[in-house]
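Hi everyone, thanks for coming.

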Amino acid sequence: MREEHRESFPIVRHPAPGTRTPILVSVPHYGTRPLPHITRDDFEHHDGEVRSRRGVVRTHTTREAPIFARPLVLADLEKRLQTLYDPYYAALERLLAELRQAYGYALLLDGHTGSPRRMKDHQVIIGTRRDATCAPELAATVARVFTGHGFEVHKDVSGYTGGNIVATCGQPRTCRVHAIQLEINASLLMTTTVDEFIAQVRRGEIPEKAEANIARIRACLREALAALPPVLATVHEDGT
């Protein structure tokens with residue numbers, strides 16, 4: 001990351017005055033600055049050289065092709081973690097603490113688009129670590145909104161039960177902070193197949209967006225964000 005961008009990272013957008021709610025929306029893979037949602041120590045290294053096809057920093061593709069022009073050493077990895085990973089988690093912790101201080105509770109909605117190859121026919125998956133990271137009523141509210149707009153919704157599907165952000169932040173019983181992972185199949189945003197989409201990107205073309213589906217998803221998000229605060233208040237109305 002360029003030096004001039006360090007001060008503005010992570011990007012935090014606050015609601016307009018008078019519209020604040022106890023909900024924090026996290027988009028860790030926003031724009032062109034993807035962030036890991038897995039644990040900080042999830043990488044492999046041999047003789048001081050990082051080599052990993054999965055994990056917090058990937059140095060090779062699944063076919064063992066190197067991603068970087070030169071090997072990534074542990075010092076380089078630590079610098080990337082301090083620049084990208086740590087600030088994001090610190091921002092989440094601070095913002096959730098502010099909401100909990102203001103309302104007595106908080107909810108993190110962690111948004112992702114998932115690979116069509118991995119999600120297959122699942123359109124929307126809600127991850128709660130099998131109800132460990134949020135009250136069931138909250139997940140049911142999100143599911144009801146998306147189902148009402150014609151999307152097929154599943155919960156805690158294997159591989160999508162909730163990543164490290166949800167697992168770390170979602171502490172409803174001890175801290176009154178809930179967390180839900182919302183995974184939307186990226187195929188819903190495209191008008192082409194996945195293979196055609198990749199081919200277009202490689203040719204430098206801009207693929208056509210599925211505008212109708214995008215509008216439906218935006219409507220779902222707006223409705224969910226409006227419906228969740230009163231449910232959250234009900235969950236904690238007895239002070240627990």
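So, how many helices and strands does the secondary structure of the protein come to? It comes to 7 helices and 8 strands, where helices (H or I, at least four residues) and strands (E, at least two) are DSSP runs numbered from the N terminus. Before going on, a word on the source: this is a predicted model, where local features need pLDDT of at least 70 and side-chain atom pairs count only at pLDDT 80 or more, while totals for chains, interfaces and linings use all residues. Residues are numbered from 1 along each chain as its sequence is written, and side-chain values use heavy atoms, with hydrogens and water left out.

Okay, the overall picture. Of the 240 residues in the protein, 38% are buried. Buried here is under 20% relative accessible area, exposed is over 50%, and partly exposed is in between, with a 1.4 Å probe and protein chains only. Now contacts, meaning heavy atoms within 4.5 Å: take those with a separation of 6 or more, and 73% of them are between residues 24 or more positions apart.

Let's zoom in on helix α3, residues 136-148. Its 13 residues reach 18 Å from the first C-alpha to the last, close to the 18 Å expected at 1.5 Å a residue; that expected span is 1.5 Å times one less than the number of residues. Which residues of α3 are buried? They're Leu138, Ala139, Thr141, Val142, Val145 and Phe146. They sit on the same side of α3, because they cover an arc of only 155° around the axis, taking the directions from the helix axis to the C-beta atoms. Over on the other side of α3, Arg144 and Gly148 are exposed. And what covers the buried residues? The cover includes β5 (106-114), β6 (124-127), β7 (153-155), β8 (177-185) and α7. Just after α3, you'll find Gly150 with a positive phi of about 90°.

Next stop, Gly162, in the loop between β7 and α4 (164-169). Is Gly162 buried or exposed? With a relative accessible area of 8%, Gly162 counts as buried. Leaving out residues up to four places away in sequence, Gly162 touches Gly127, Arg129 and Gln181.

On to charges. Side chains of opposite charge can pair when their charged atoms come close. For a salt bridge, we want a side-chain nitrogen of Lys or Arg within 4 Å of a carboxyl oxygen of Asp or Glu, and by this rule there are 5. One of them joins Asp195 and Arg117, with the closest N and O atoms 2.7 Å apart. That pair links distant parts of the chain: Asp195 is in helix α6 (residues 194-202) and Arg117 in helix α2 (residues 116-119), 78 residues apart. Asp195 is exposed, at 53% relative accessibility. Another salt bridge brings Lys155 and Asp131 together at 2.5 Å, N to O. Here Lys155 comes from strand β7 and Asp131 from the loop between β6 and α3, 24 residues apart.

Last thing, the surface. Val25, Val27 and Leu225 form a nonpolar patch there, with about 210 Å² of accessible area together. Patches take residues with over 30% relative accessible area and no salt bridge, joining like charges within 9 Å and nonpolar side chains (Val, Leu, Ile, Met, Phe, Trp, Tyr) within 5 Å; the areas come from the Shrake-Rupley method with a 1.4 Å probe, and for residues only the protein chains shown count as cover. Leu225 lies in helix α7 (residues 211-235), and at 32% relative accessibility it is partly exposed.
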